[in-house]
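Reader: Please take me through one part of this model in detail. I would like to know what pairs with what, and what packs against what.

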Amino acid sequence: MAVLARASRSEIEAVLGADLPAHDLLKAPETGTVMVEGRAGGAGRRFNLGEATVTRCVVRLADGAMGFAYALGRDGRKARLAAILDARLQQEAETGPLRQHVSALAARQAAARDLASRKAAATKVDFFTLVRGA
Amino acid sequence: MYVAVKGGEAAILATHDLVAEARRGDEAVPEISVAQIREQQALACARVMNEGSLCDPDLAALALKQAQGDVIEAAFLVRAYRTTLPRFGSSEPVDTARMAIRRRVSATYKDLPGGQVLGPTYDYTHRLFDFALMEGDRPEQPAKPLPASDGLDQTMPRVPDILGAEGLMEAEEPPEGDPRPFDLTREPVSFPAARDVRLQAMARGDEGFLLGLGYSVQRGFGGNHPFVGEIRVGEVSVAFVPEELGFAVDLGDITLTECQMVNQFTGSKEVAPQFTRGYGLAFGHAERKAMSMSLVDRALKCRDFGEAATYPAQQDEFVLYHADNVEAAGFVEHLKLPHYVDFQGELELIRRIRREREARRAADDDAVPEAAE
């Protein structure tokens with residue numbers, strides 16, 4: 001779910017393909033908010049920082065498999081597709097093709113995080129101290 | 001007294017059309033897209049998200065477009081929209097120690113675990129215009145930052161925690177039972193306000209107001225001598241436990257800015273002198289906001305340390321009642337709405353006072369010559 005939450009709608013569409021399996025919407029795509037909590041000082045008393053938009057969806061496939069989607073943002077279509085994919089992933093064996101697609105998505109997200117981290121690392125300061133009289 | 005007046009519908013409809021035209025500007029210039037605002041005016045979007053108290057960069061960009069770049073009007077639009085959404089619940093508290101860091105600096109330690117990472121900042125720019133950004137004058141290829149061969153450390157300790165390990169820093173621990181925080185959008189605030197209320201109010205408060213108050217503390221209207229222990233900017237995952245699942249799911253990442261301000265000591269018979277803290281946290285890249293918040297947070301802790309609340313930044317009622325720019329703008333700007341009946345009353349009163357004064361003076365004039373004789 002963490003990988004799908006970070007994937008774009010078109011990425012999930014590409015994994016699922018054009019033909020969607022028959023499914024019931026147990027919870028139609030719905031946008032609401034989640035209050036984001038922080039902690040004073042990072043580790044202390046909880047406080048409400050502010051809300052964030054979240055869209056959720058719950059589906060059931062013909063064979064009874066349930067799929068859930070919860071992700072930041074307001075994309076109802078993405079939530080529906082992610083819920084269908086979540087349900088199908090639960091039916092599939094560890095080495096199935098959908099799981100491989102999702103692993104590839106996860107690898108792409110990890111690579112993007114790594115690139116951002118390396119770009120930040122390029123701005124790391126190397127201090128040197130000027131020695132008097134040297 | 002407010003008396004409803006009718007009429008003006010046609011004028012109001014016409015002003016809607018006129019403001020739409022004003023918003024569009026010269027039609028010979030291409031219209032700006034919401035995605036362009038989101039990507040290229042991200043710091044303005046961050047301010048709208050904070051003051052609108054809703055983290056959604058697309059909506060913040062739309063609000064800025066619709067409000068012609070008026071940040072407070074944009075925050076108002078976001079607040080109004082937020083009230084139409086159901087709330088699914090509260091997230092788990094975000095863990096900023098696990099932030100994917102893009103920027104992290106400390107003014108207290110030169111060498112610290114994880115290092116000083118400048119990230120994207122205007123701090124070391126010369127504030128000279130870059131005329132190459134003028135349309136039609138752009139270089140063929142925008143600058144491409146060269147990544148380092150290795151990424152940053154996966155986790156970086158928060159700087160106050162380094163001081164805390166030596167016992168030199170005021171501890172920051174959840175109170176007994178780790179209670180749910182107060183929510184000022186659901187319950188009325190009373191005073192004295194607890195720290196969770198103050199932090200929520202400042203997180204959605206006006207950046208300019210908090211900046212001014214933070215500045216006042218530094219200039220002597222408050223007794224703090226602060227150092228930036230740490231500022232960090234980056235992405236943090238948000239976890240939420242849906243009722244139907246019963247376990248935490250990862251909703252994705254949000255960008256946060258955190259500021260830990262280190263202030264001078266306090267101590268008592270029982271506790272040896274320790275540095276004290278101020279804390280700021282904001283959506284998006286919003287350093288000035290997070291820093292200002294952390295200065296005022298420390299000032300508002302004066303009661304906890306037995307300091308007199310002498311200055312505005314130390315008075316929770318003053319700070320919390322005036323930090324919200326949507327409320328403040330509403331009350332200030334309502335003055336331009338029709339007050340015709342109120343004003344008629346005032347006019348009637350001043351005319352009567354003047355008539356009575358004239359009458360009194362006439363009576364006195366009649367009396368004076370007799371007295372002189």
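Author: Strand β4 of chain B, residues 227-240, pairs with strand β5 of chain B, residues 249-266. The pairing is antiparallel and runs over 12 bridges. One position to look at is V228(B): its bridge partner in β5(B) is M261(B). Keep in mind that this is a predicted model.

β4(B) also pairs with strand β3 of chain B, residues 100-105. That pairing is antiparallel too, over five bridges. Here R104(B) stands opposite R232(B) of β4(B).

How enclosed is β4(B)? Of its 14 residues, 10 are buried, so the strand is largely enclosed by the rest of the structure.

Now the helices. Two packed helices are described by the angle between their axes and the distance between the axes. In chain B, take α8 (residues 207-218) and α9 (residues 287-300). Their axes come within 8 Å and cross at roughly 50°. The crossing of α8(B) past α9(B) is left-handed.

Which residues make the contact? From α8(B) come E207(B), L210(B), L211(B), L213(B), G214(B) and V217(B). From α9(B) come R288(B), K289(B), M291(B), S292(B), M293(B), L295(B), V296(B) and A299(B). By type, the residues of this contact are nine nonpolar, two polar and three charged.

Terms used. Residues are numbered from 1 along each chain as its sequence is written. Chains are lettered from A and ligands numbered from 1 in the order in which they are written. This is a predicted model: local features need pLDDT of at least 70, side-chain atom pairs count only at pLDDT 80 or more; totals for chains, interfaces and linings use all residues. Axes are lines fitted to C-alpha atoms, for helices over the stretch in contact, and angles run from 0 to 180 degrees between N-to-C directions. Helices (H or I, at least four residues) and strands (E, at least two) are DSSP runs, numbered from the N terminus. A crossing is left-handed if the near helix is turned anticlockwise from the far one by less than a right angle, and right-handed if clockwise. Two residues are in contact if their C-beta atoms, placed from the backbone, lie within 7 Å. Ala, Val, Leu, Ile, Met, Phe, Trp, Tyr, Cys and Pro count as nonpolar, Asp, Glu, Lys and Arg as charged, and the others, Gly among them, as polar. A residue is buried if 20 or more other C-beta atoms lie within 10 Å of its own, exposed if 12 or fewer, and partly exposed in between; C-beta atoms are placed from the backbone. Two strands pair if DSSP finds at least two bridges between them.
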